[in-house]
Amino acid sequence: MTSETTTAPASLDTADLYGPDSMLRRLCHEARWGLAVARATVLEAAHPQIGAALIANSTFVAHPWRRLRNTVLSAQRLVDPDERVRRREAARLNRLHARMAGTDAEGRPYTALDPGARAWVVATLFESTVTMYRLGGRSLDGASLDRLYAEFRAFLAQMEGGEGELPPTLREFWRYYDLMVEERLENTEAAALILHRLFAEVPAPPVLRDRPAVWAAGRALAAPLATAVTVGSLPAPLRERLGLAEIPGARTLTHAAYLSTGLASRLLPDAWTRLETVMAMFDPTFTPRPGTDPFAGLRRGTAKAGALLRLLTPDRETAAEAPPSAMRFFAEVLDQTGNGSLDWPDLAAMAREIATRLDLDERGEDRLFTAFADWWRELQAALDTDHDGRISGHEYAAAAATMTSPALVRVAEVLFDATDTDDDQAIDAEEHRTLFRVAFEHDPGDTGTPDRLTRAAFVREFLNFMAGRHHSEGYDRLFAQA
Amino acid sequence: MNERIVPRHVACVMDGNGRWAALRSLPRTAGHRAAEAAVIDVIEAAHAAGVEWLSLYAFSTENWRRPPAEVAFLMRLVRRAIRKHALSLHARGIRCRFLGVTDPRIPPPLARDIADLMMLTRDNRRMTLTVAFDHGGRRDIVEAARSLVRDRVPAEEITEETFARHLPHPDTPEVDLVIRTSGEQRISNFMLWHVAYAEWVFPLVLWPDFRAGHFRECLDLYRRRERRFGDVRVPTTTGDAS
């Protein structure tokens, strides 16, 4: 039993907020915590402010796997033994949340920085974790509960910079939680979307992206189960408010699901039940943390399994061999929210994804967002002919290929600067490989020597790709991944 | 001892598909289709004989000039063959590699299948199968030269060894034996660097008719030549010429 491999070096012990035997840190690496996180998402989405932010800004319906991966990576960074890693991630999340504000459908303002809303996010994670242990057949004792709660409070305080709005004691927490469920949560659009659409329509994970039929068959079986398990574990008052009838057998099913994952994490070898293992199975290019991959061998194995699976799964020949058309490019790459048109949330999602993957510092992130915002204004001015604030696939396809865009050049330059670490104004073999591996999740590996790209050549390549003029596996993976 | 010498690296220029089809009044594509059986037979025979490296010339950079319908057919055929045989190649411990494969005209699904096959078999060591696809020997040499310039290697440090390290798949040993079927006797821009000291045999049989027996005959021919010339061969290759 050697699940804890990330103890801090001696010099940093004092800076390790959570302690070397942190419960939260262990949870962030356990696959079954995924069940708790999924359940917590429903509880979060039922909060009016969070629900509104989710609907307006998140791409979780179109790209749930990407969101899951980003959430896990972010949580892992926030509990890292190294204080610098934690601080950097908290600052990044705050910048990201600061960009999510607006008014919901009923005209109520919302902001992702609202302390009450952020406290609720952490509260749902804590409560869902406690539920996971309880339904898994091993309830936490009093001391462990206190400890876990203290760690979650520290988790929130880290982001807020102060204490955060979670009650100081566990006893008060349960009162707060019940009150929130009874009085604050609503039947929001986001909660309904998760329960009724997300599970049923969840797109294929990267490993099966090109095998929609296989995925659809598996999903038809698994989706109702996932819904039943999640619904079965929700608090009864919320279930009623969401208009969810008691599904016969759902409680047993929920129990069984949590119990089996609990048993699995006790009985199976640690490596099998780690979150990274499961995610690597779904996404062969998943890298837990660039440069520090303790699962290289395992990842290689799962990458091979993914390759074999793709090779053995029947594939339509003619349809698959058609080059990606402008419309396909629009649907797969540009329309991040999957709502059929291009608007600011789509571009914001792209900027967020790039900033996260490349781990840009504040200056780089600001430059990137400014460039994307400028690009959006350019697009609106040039392509939004009916002035409805959105650009349809047809509007884009008709004009984008001939557009010249100074803002998009700046986007390319930020990418280039983030990659050109030795500042020699060219991306050499090593930098090119790193860019593809980290940002675009593509290892050029054995397929040949990567080209050395000058700034001009890189910008040209990026512009061609964004105009849908040519196919680039690296960028496709970055943006199109579900 | 020489009786047991097996060339370490055998390469095949798979020539004669079009003529095979023409002799039967069939379209050229029928010749390509029939070639698949020969490919599988040769892989099996090489594997059984203990050949460590087998290279097959499947598609040259010049082949893009063929009629578009034929090119498209070849792309589909290769893709189908990869998917059909991936598992059995892997099960036999064969590492599969592709040499070339840089042209953007290669359909993305085929490129992905190629990448998958290489990924799947990358740790196999029993035999390495290199498929030259969209390959040009001169292009590889030019690329290696570019790579040297980019790395700012001083002129006096450029030797045959350092140069070879900049070729694609630099661990590929020199070719010991090239088999070109159908009686044609040309190099056709194939692995130019690696064939410098290779023995060549030119069986008259057209590639779709080439079978394991023909392959073994070629190995025999190589062995006899080794007897005659082995001791004067430049010992830079594999050390098998004793």
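Read from the N terminus, the elements of chain B follow the order β-α-α-β-α-β-α-β-α-α-β-β-α, which amounts to seven helices and six strands, where helices (H or I, at least four residues) and strands (E, at least two) are DSSP runs numbered from the N terminus. This is a predicted model, in which local features need pLDDT of at least 70 and side-chain atom pairs count only at pLDDT 80 or more, while totals for chains, interfaces and linings use all residues. Residues are numbered from 1 along each chain as its sequence is written, chains are lettered from A and ligands numbered from 1 in the order in which they are written, and side-chain values use heavy atoms, with hydrogens and water left out.

The six strands form an open sheet with parallel pairing, in the order β3-β4-β2-β1-β5-β6 of chain B, two strands being paired if DSSP finds at least two bridges between them. At its edges stand β3 (94-100) and β6 (199-201) of chain B, each of which pairs on one side only. Within the sheet, β1 (residues 9-13) and β5 (residues 177-180) of chain B pair in the parallel sense over four bridges, and A11(B) has V178(B) as its bridge partner in β5(B).

Helix α3 (residues 68-91) of chain B lies across β2 (53-60), β3 and β4 (127-135) of chain B, running at about 160° to β3(B); such angles run from 0 to 180 degrees between N-to-C directions, with axes fitted as lines to C-alpha atoms, for helices over the stretch in contact, and contact means heavy atoms within 4.5 Å. Helix α4 (residues 108-121) of chain B also packs on the sheet, touching β3 and β4 of chain B, and its direction makes about 140° with that of β3(B).
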